[in-house]
Amino acid sequence: MTVEFVGIDPDTDRDHCPTVWADREGEEILLQGWKPDARTQAQCEGTSPANGPVPDGEAIVRIPARMIPLIREACDAVERAQLR
């Protein structure tokens, strides 16, 4: 797996920093964000068509809207890798 750093929250304090990476080889986007509070977690699970709570190997993360350009950049990197 080759992970490429795409960007970090532009308003970061360097201690709590949502981050975006692209894995072109694995054709995946990796996100680091904040864990939702219990109420938000329950709302997400309650509106999901999946059966039951989020499994232990998965997570819901909160990403600030100001990071949308970085997420788009990661999407573009992975998509370009698929076209090769």
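Trainee: How many disulfides does the structure hold?

Mentor: It holds 0 disulfides. Keep in mind that this is a predicted model.

Trainee: What makes a disulfide, in general?

Mentor: It is a covalent bond between the sulfur atoms of two cysteines.

Trainee: Is Cys17 called buried or exposed, and why?

Mentor: Cys17 has a relative accessible area of 16%. Buried means under 20%. So Cys17 is buried.

Trainee: What is Cys44 called by that rule, and why?

Mentor: Its value is 30%.

Trainee: What makes Arg24 and Glu4 a salt bridge?

Mentor: Their closest N and O atoms are 2.8 Å apart. The cut-off is 4 Å. The pair passes, and Arg24 forms a salt bridge with Glu4.

Trainee: Why can we say that this pair ties parts together?

Mentor: Glu4 lies in strand S1, residues 3–8. Arg24 lies in the loop between S2 and strand S3 (28–32). These parts are 20 residues apart in sequence, so the pair ties them together. Arg24 is partly exposed at 25% relative accessible area, and Glu4 is partly exposed at 31%.

Trainee: Which salt bridge joins Arg66 and Asp9, and how do you know?

Mentor: The side chains meet at 2.5 Å, N to O. That is within the 4 Å limit. The pair links distant parts of the chain, 57 residues apart. Arg66 is in the loop between H1 and H2, and Asp9 is in the loop between S1 and S2.

Trainee: Is Asp9 called buried or exposed, and why?

Mentor: Asp9 has 2% relative accessibility. Under 20% means buried, so Asp9 counts as buried. Arg66, at 39%, counts as partly exposed.

Trainee: What does Asp11 do with Arg66?

Mentor: Their side chains meet in a salt bridge at 3.5 Å, N to O. Asp11 lies in the loop between S1 and S2, so this pair ties together parts 55 residues apart in sequence. Asp11 counts as exposed at 54%, since exposed means over 50%. Asp9, Asp11 and Arg66 are linked in a network of salt bridges.

Trainee: What makes Arg62 and Thr40 a polar contact?

Mentor: Their side chains come to 3.4 Å. The cut-off is 3.5 Å, so the pair qualifies as a polar contact. Arg62 is in the loop between helix H1 (38–47) and H2. Arg62 is 29 residues from Gly33 in sequence, yet their C-alpha atoms are 5.3 Å apart. At 41% relative accessibility, Arg62 counts as partly exposed.

Trainee: Which residues make up the largest nonpolar core?

Mentor: There are 8: Val6, Val20, Ala22, Met67, Leu70, Ala74, Ala77 and Val78. H2 gives the most, with 4 residues.

Trainee: What is Leu70 in contact with, beyond its neighbours within four places in sequence?

Mentor: Leu70 is in contact with Val6, Gly7, Ile8 and Val20.

Key:
Residues numbered from 1 in each chain as written. Predicted model: local features only at pLDDT ≥ 70, side-chain atom pairs only at ≥ 80, totals over all residues. Heavy atoms only, no water. Core = buried A, V, L, I, M, F, W, Y, C linked by side-chain atoms within 4.5 Å. Buried < 20%, exposed > 50% of the residue type's maximum accessible area, 1.4 Å probe, protein only. Helix = DSSP H or I, 4+ residues; strand = E, 2+ residues; numbered from the N terminus. Contact = heavy atoms within 4.5 Å. Polar contact = N/O pair within 3.5 Å; in protein donor to acceptor, adjacent residues only side chain to side chain. Disulfide = S-S within 2.5 Å.
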